[in-house]
Amino acid sequence: MSSTSFFRLALVVGLALVGKAASHEHHDDKIPEGEAVSPDPIDTTLWIHIIVQIVAFGLIFPTGMVLGIVRSRWHVPLQTLGAVIALLGYFLGHAHGGRQFAHNIHASFATILMLLLLVQVLLGIYLKLHLEKKSQNTIHARIRRYFVLAHGFIGKFMPVVSWVQMLFGGITALGFCRDDHLGQCLAHFIMGSAFIGYGILLTILLLVGQAWLQRTGRSQEFFDSLIIAAWGCVNTFTEHRWGGPWVKNDLQHTSMGIVWWCAGLLGLWLSRKRDGRPKRNLIPAIVILITGWAMSAHPQSLELSTHVHMVFGYTLMAAGAARIIEIAFVLRDRGSVDEEGKGDEASSWQYLTPFLLYASGLLFMGATEEQMALLSNAHIHVSHVSYILILYSIAFLLFLFVAMLLNLYAAHAWPTNQPVAMKNAGSGVANGAIPLTNGHIDRRMRDAEEFELEGLMSDDEDDNGVANKDRRGGGGRQA
């Protein structure tokens with residue numbers, strides 16, 4: 001395939017997606033005045049659309065991303081399957097009957113997401129074709145490295161935008177988060193997603209991220225405190241409409257933002273020793289605990305909402321308390337509990353804080369005013385106990401999926417039969433973490449982080465790499 005025909009195909013596919021979205025008629029004749037959805041039930045076609053897109057964007061693409069990072073030969077087939085399923089789901093979303101929807105952000109963002117997916121697929125195809133070797137035009141060789149970087153960035157960014165689009169889908173399906181409810185929805189979904197994202201980051205650092213943390217020369221609490229301080233500044237000036245009256249919980253939200261940036265600044269200061277080496281501290285954990293206490297006492301208008309917010313606050317407090325115990329008593333300011341030089345085991349206690357953050361995020365996202373009103377007025381009695389147990393069940397499954405992806409990454413990055421000489425725990429590296437020695441472990445880590453499709457590097461580059469290794473090896477033998 002020539003480069004001209006390749007980009008012509010890309011243009012045709014992109015225009016087809018845009019044209020399909022633009023030509024789709026959003027029927028709204030059954031939507032009552034002042035409502036966002038019609039009272040009709042969701043039909044089979046739309047249910048298939050929901051399931052298909054969750055499978056593609058929620059399961060296949062994240063798994064394919066990890067396979068791409070470790071440069072597995074299964075990366076291309078799996079991502080191709082995901083793209084086909086996602087395209088099918090996209091058209092099903094424009095062919096449903098049953099419930100009608102007013103103009104909404106889910107439909108608008110779907111086209112952007114599919115165009116982003118199209119760009120990602122075309123970048124992968126272009127890199128796989130190796131046009132720099134088949135064409136006399138040198139521009140392919142010049143732009144290749146930039147395309148590799150773009151392909152890697154979009155691949156890692158895709159799970160984030162997919163999560164946002166799935167939230168938009170749930171909000172649209174129920175007709176939530178409009179008019180006066182928008183601000184409250186934003187607070188719950190953004191903060192809830194932030195707790196889940198923090199839990200995922202803690203899991204990554206716990207299982208596979210110590211080498212990266214070591215290279216930064218900073219403790220984990222430095223980055224935690226930096227984000228807490230920045231988030232606190234945003235909350236301080238956005239939770240209240242300055243110049244207007246203080247209403248509802250404005251003062252509580254604003255004071256919570258003040259606590260965050262004050263504590264964040266202290267955490268930054270305590271994250272380094274006098275000689276500049278990284279040091280653990282408890283400030284981020286204390287902030288989480290205080291936030292949970294404040295949210296557990298948040299006044300609510302519905303009994304169900306009061307119970308859900310209370311359990312959310314207690315769960316967040318438990319996450320902060322578990323983190324304090326982990327750093328102070330389980331790790332004793334070290335980065336790992338391993339004293340035998342294996343460097344591949346985490347304490348069972350260390351899994352507690354990430355899980356509680358997953359559960360806290362889901363509880364908070366599931367506690368908006370409209371959700372609580374819907375459940376309170378449901379024909380089937382929904383108690384706070386059953387609802388909270390369902391949210392905890394989702395948290396367990398989410399934690400399982402993240403752990404499986406990290407295990408998949410670790411199995412390729414560090415084979416179990418590869419020796420790892422790790423000693424001198426707590427010798428001044430990040431978090432007091434066990435330093436990685438022998439060199440080849442760190443190189444495998446960097447190789448895996450390149451996020452390239454297998455075979456993307458040209459044969460000339462591979463030959464040069466082999467020649468350089470031979471020269472280095474020969475030089476070492478001469479010495």
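Guide: In this predicted model, a residue counts as buried when its relative accessible area is under 20%, as exposed when that area is over 50%, and as partly exposed in between. By that rule Cys177 is buried, and so is Cys185.

Visitor: What makes the pair Cys177 and Cys185 a disulfide?

Guide: The sulfur atoms of Cys177 and Cys185 are 2.1 Å apart, and the cut-off for a disulfide is 2.5 Å, so the pair qualifies. The angle about the S-S bond is -80°, and the link is left-handed. A search of the whole structure finds one disulfide.

Visitor: How do you know that Cys233 is in no disulfide?

Guide: The nearest cysteine sulfur to that of Cys233 belongs to Cys262 and is 8.9 Å away, whereas a disulfide needs sulfur atoms within 2.5 Å. Cys262 is likewise in no disulfide, its nearest cysteine sulfur being that of Cys233.

Visitor: Why is Cys233 called partly exposed, and why is the term also used for Cys262?

Guide: Cys233 has a relative accessible area of 38% and Cys262 has 37%; because the class lies between the limits of 20% and 50%, Cys233 is partly exposed, and so is Cys262.

Visitor: Why is Leu362 called buried?

Guide: Leu362, which lies in helix 13 (residues 352–365), has a relative accessible area of 11%, and because this is under 20%, Leu362 counts as buried. Leaving aside residues up to four places away in sequence, Leu362 touches Ile196, Leu391, Ile394 and Ala395. Leu362 and Phe195 are 167 residues apart in sequence, yet their C-alpha atoms are 8.6 Å apart in space.

Visitor: What makes up the largest nonpolar core, and which residues have the most contacts inside it?

Guide: That core has 56 residues, and those with the most contacts inside it are Phe189, Val308, Phe312, Leu357, Tyr358 and Tyr409. Helix 15 (residues 384–413) gives the largest share, 13 residues. A second, separate core of 13 residues includes Phe61, Leu113, Ile154 and Met158.

Visitor: Which residues of helix 14 are buried, and what do they pack against?

Guide: In helix 14 (residues 369–376), Glu370, Gln371, Met372 and Leu375 are buried; the buried residues of this helix pack against helix 7, helix 12, helix 13 and helix 15.

Definitions and conventions: Residues numbered from 1 in each chain as written. Predicted model: local features only at pLDDT ≥ 70, side-chain atom pairs only at ≥ 80, totals over all residues. Heavy atoms only, no water. Core = buried A, V, L, I, M, F, W, Y, C linked by side-chain atoms within 4.5 Å. Buried < 20%, exposed > 50% of the residue type's maximum accessible area, 1.4 Å probe, protein only. Helix = DSSP H or I, 4+ residues; strand = E, 2+ residues; numbered from the N terminus. Contact = heavy atoms within 4.5 Å.
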